[in-house]
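Could you walk me through this protein in the viewer, one selection at a time?

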Amino acid sequence: MKPETSNVGAPITCTDQGDNSGVWFILLQGLTPLALLAIIGLAILALIMLIRFLIDPTRFLVEQLIFAIVLIAGLALAIISYILTVKRVLRQIDTWLQDGHTTKVMVGLVALALVAIITAFPVILALLFSLV
């Protein structure tokens, strides 16, 4: 008597062997928008300090005008870079989701949640102190 065999394909799994290997890398990749905001903020602060050092204190209005231009340009750059990096991370998370890497998806979403909380924290503090 012959044993019966069936044509069963490979089992569908949500995670594979290398899925957990780069958790810290994925977490750091998810925190990229926050790191970029910090770098832009430090660059703007350094530029303002340089402007303050180079411009004569008697030309106060010129100094304030340059400060305003630098701050507005820096804010626009920060907003645009934040949106683009969050969009890129979300696109990567979507790719992982389609490939079935659930651990990577969860770590990426946790990292983006941390970015959102840390970004919103100063606004929440300002609202709380304005109520007091």
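Here is a short tour, with something to select at each stop.

**Before you start.** This is a predicted model, in which local features need pLDDT of at least 70 and side-chain atom pairs count only at pLDDT 80 or more, while totals for chains, interfaces and linings use all residues. Residues are numbered from 1 along each chain as its sequence is written, and side-chain values use heavy atoms, leaving out hydrogens and water.

**Stop 1: confidence.** Colour by pLDDT, the predictor's confidence in each residue, from 0 to 100. The protein averages 86, and 84% of the residues score at least 70. Now select residues 15-20: their pLDDT is below 50, yet beyond near neighbours in sequence this stretch has ten contacts in the model (contact means heavy atoms within 4.5 Å).

**Stop 2: helix H4.** Select residues 102-131, the 30 residues of H4; helices here are DSSP runs (H or I, at least four residues), numbered from the N terminus. Find Phe121, where a kink of about 40° lies shortly before Pro122. That bend is the angle between axes fitted to the seven residues ending there and the seven starting there.

**Stop 3: the buried residues.** Still in H4, pick out Val105, Gly108 and Leu112, which are among its buried residues (buried means under 20% relative accessible area, with a 1.4 Å probe and protein chains only). The buried residues of H4 pack against H1, H2 and H3.

**Stop 4: where H1 meets H4.** What makes the contact between H1 and H4? Val23, Ile26, Leu27 and Gly30 contribute from H1, and the H4 residues include Thr103 and Val107.

Definitions and conventions
Helix = DSSP H or I, 4+ residues; strand = E, 2+ residues; numbered from the N terminus. Expected span 1.5 Å × (residues − 1). Buried < 20%, exposed > 50% of the residue type's maximum accessible area, 1.4 Å probe, protein only.
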